[in-house]
Structures are given as C-alpha cells and as structure tokens.
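Visitor: I would like to go through this structure label by label. For each label, please set the value against the cut-off and then conclude.

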Amino acid sequence: MSNTSLQNSLFTQIPGRNIHLSDNTEVPVCTPEFRKSNGSYLKKRGLHLLNKFLRKGCFETVGSPWLPGFWVMTEHEALALASESGLRANSLNLVITSEPMHAAHWCSFRGEPLMVIENRWKSFDEYGGAMKKKYRQRLKKAMELDAQLEKRWLDESYHEACATLLEQTLMDKVVVLPQDLTALLGRFKSMFGADFQLEGFFKNGELMAFISTIKDGDTLRAMHYGAAVDAPANMYSYAMFSVIQLGIESGTTKINLGRTATEIKSTYGAIAEENYFSFYTQSILLKSVLNLAKHRYTPKTFELRSPFKAV
C-alpha cells in the first residue's frame, strides 16, 4: 500500500493511534462514534450503550471513519497488518478492503461501491458532448439551475450554516460522525488547508446547499453534501455536476464521488469501485455475532448505467 503525500500529512492530526508497517508505510487507527439521528436504527439508550462500548477500545477502524475511501487495503495488505500485530486480537477491528477476506478470523461484508469518474475530457462541454442524448438532456436540465443560483466559495464563517444543512440531510441516518458537525468542518479545513473547499449555492441571497471537496494528488474527492428542505429540484445532481466540472477544469485524473446514490452517480459516468467492510477478531463471542450478522446481511442492489456514447 502506498500513501499519497496528503495522506501522509494527516497522521499527526487524526485522533487515534498510528500503525507502522514493515513496508515503511503507516495507517491511522481510530475509535468511531455513532451520532444521534431521527432514524429508527438505534434507540437513544442503545446508541449510548454502543458508544460506551466503543470508547473502551473494543472496536477500532483502520483509517478514519470520516475519511471514506482514503485507506483501502488489498487482502494481502490486510493479512500483513494483522500478522504484524497492528490489530488487537480480542477487539473488533474494521478494515476497508478492495476484495473480500477469506482467512481465519476475518469476516467481510460487501459495501456500497465508491463511484469514481476517470477524467478523459479537456472541458465540461466536452464531457457533456460525450453523453448519449438521454443523459445529455438530464445534464442540461440540472444545469438550468445556473440561471437561478449563485455559486460562491465559502470560508470558515459559513461552517455553522453548512453544518445545519448537513444535519438536515443526515438526520434520518445513523452515521459515524462526531456530534459537532461545525467542528468537523473546521477540522477538515485545518487538516487540508487550501485543498479543502466548500462551494455554496445561493438563491436570493440564502444558502440553499453546499458541497465540499478535497484535492488529493491527482484525485478530487467529494466529501460532504447538505441541502435545505426547500432546495430546488435537481439540487443534488447540480452539486455533483459542479464537482465534476471542477475536477475536469483542474485537470485531475480521477473524480471520486464517494459512496451512496450508486445508480444516479453511474448516470454521471462514474464507475463502481468495489470495497468491503472486513472485520478481524479472534474473540469467540464477536465471531459469533459476525457470523449471525453475515447470514442476515443483504447487500444493496443497484443497476449501473452507461451514459456515454460508444467510442
């Protein structure tokens, strides 16, 4: 596994511990925290007990849980990590892997893929021109919001407003994020500096939505999206197309749109990069829980689209 220069710069800033590997690379290890939501996944009491369990060091994630896609390991790399005693044998350890793990003490669940666009265009107009008529019309429909909205780059004074929109967008989900989303955005800014950008979309002077990106070498990563309940239709697609436009115009090789909304992101031209939530433990009790969960787990299904004309 090779880290980008941006990843290497994060190790002293991510809460948790670092594991130094024999190939002279290192990875961060963190204890996640589940935040409250209006969803029915966990009751308040259950959420409290879960976070209390996590704080005892019984569950750790390799890589930061709020930096999805930054540290994805191959099966070989994950096995080496365990053999070098980087993982605590009697705890539950989560590693994001690019393939399922088949070795003893491992249990893998297929996650939603990371949706990535391979940039081969010199302009956003060229990108749109490469689409089939059906998808080009959808692009044009979404981009009609250009006439209604004003785009602005946002500074730290907008972190609280963006956090409010992010809260509204995530309120029906249980997510591994800290409780204070304003502080989260501030932490991203302090960690990534100019490589972290917030783009806001305003209507009549009111912030309707925002999307954040991180420039990571030759990859542009979409990170956070938040929108008001009365945001215009097609707001999500418009924000995603804004990221794609930024990636193309800045000359990045890859535009990583992240997980979720798999089918719709495929209509933008993103290709699915499979990844797995792979758990490692030698605890008999935790193994039993994982085996029970695996029998009940059904991965999400989706149909990938191909929006571009045949070359």
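Visitor: Why is the pair K141 and E144 called a salt bridge?

Guide: This is a predicted model, and the values are computed from it. The closest N and O atoms of K141 and E144 are 3.8 Å apart. The cut-off is 4 Å between a side-chain nitrogen of Lys or Arg and a carboxyl oxygen of Asp or Glu, so the pair K141 and E144 qualifies.

Visitor: What makes K141 partly exposed?

Guide: The relative accessibility of K141 is 47%. Buried means under 20% and exposed over 50%, so K141 counts as partly exposed. E144, also with a relative accessible area of 47%, is partly exposed too.

Visitor: How do you know that E150 and R152 form a salt bridge?

Guide: Their side chains meet at 3.1 Å, N to O, and the limit is 4 Å, so E150 and R152 form a salt bridge. E150 has a relative accessible area of 40% and is partly exposed. R152, at 27% relative accessibility, is partly exposed as well.

Visitor: What makes E273 and K254 a salt bridge, and which parts does the pair tie together?

Guide: The closest N and O atoms of E273 and K254 are 3.8 Å apart, within the 4 Å limit. E273 lies in strand 12 (residues 271–273) and K254 in strand 11 (residues 254–256), so the pair ties together parts that are 19 residues apart in sequence. E273 is partly exposed at 32% relative accessibility, and K254 is partly exposed at 30%.

Visitor: How many salt bridges does this rule give?

Guide: The count comes to seven.

Visitor: In what order do the six strands of the open sheet stand?

Guide: The order is 1-2-3-4-13-5, and the pairing is mixed. Strand 1 (17–20) and strand 5 (106–110) each have a single partner strand, so one side of each is left without a neighbour in the sheet. From one strand to the next, the twist averages 25 degrees.

Visitor: How do you know that strand 5 pairs with strand 13?

Guide: Pairing requires at least two bridges. Five bridges join strand 5 to strand 13 (residues 276–280), so the two strands pair. They run antiparallel, and S108 stands opposite S278 in strand 13. Helix 10 (residues 284–296) lies across strand 4 (92–97), strand 5 and strand 13, at about 30 degrees to strand 5.

Visitor: What makes strand 1 and strand 2 a pair?

Guide: Four bridges join strand 1 to strand 2 (residues 26–30), and the requirement is at least two, so strand 1 and strand 2 pair. These strands run antiparallel, with I19 opposite V27 in strand 2. The hairpin of strand 1 and strand 2 has five residues between the strands, and N24 takes a positive phi near 70 degrees there.

Visitor: Why is helix 5 called roughly perpendicular to helix 8?

Guide: The axes of helix 5 (residues 133–143) and helix 8 (residues 235–249) come within 9 Å and cross at roughly 100 degrees. Angles of 65 to 115 degrees count as roughly perpendicular, so helix 5 is roughly perpendicular to helix 8.

Visitor: Which residues make the contact between helix 5 and helix 8?

Guide: On helix 5 they are L139, A142 and M143. On helix 8 they are S237, Y238, F241 and Q245.

Visitor: Why is S237 called buried, and what does S237 touch?

Guide: S237 has a relative accessible area of 11%. Buried means under 20%, so S237 is buried. Not counting residues up to four places away in sequence, S237 touches A142, I264 and Y268.

Visitor: What are the totals for helices, strands and buried residues in the protein?

Guide: The secondary structure comes to 10 helices and 13 strands. Of the 311 residues, 48% are buried.

Definitions and conventions. Residues are numbered from 1 along each chain as its sequence is written. This is a predicted model: local features need pLDDT of at least 70, side-chain atom pairs count only at pLDDT 80 or more; totals for chains, interfaces and linings use all residues. Side-chain values use heavy atoms; hydrogens and water are left out. Buried means under 20% relative accessible area, exposed over 50%, partly exposed in between (1.4 Å probe, protein chains only). Axes are lines fitted to C-alpha atoms, for helices over the stretch in contact, and angles run from 0 to 180 degrees between N-to-C directions. Contact means heavy atoms within 4.5 Å. Angles under 35 degrees count as roughly parallel, over 145 as roughly antiparallel, 65 to 115 as roughly perpendicular and the rest as oblique.
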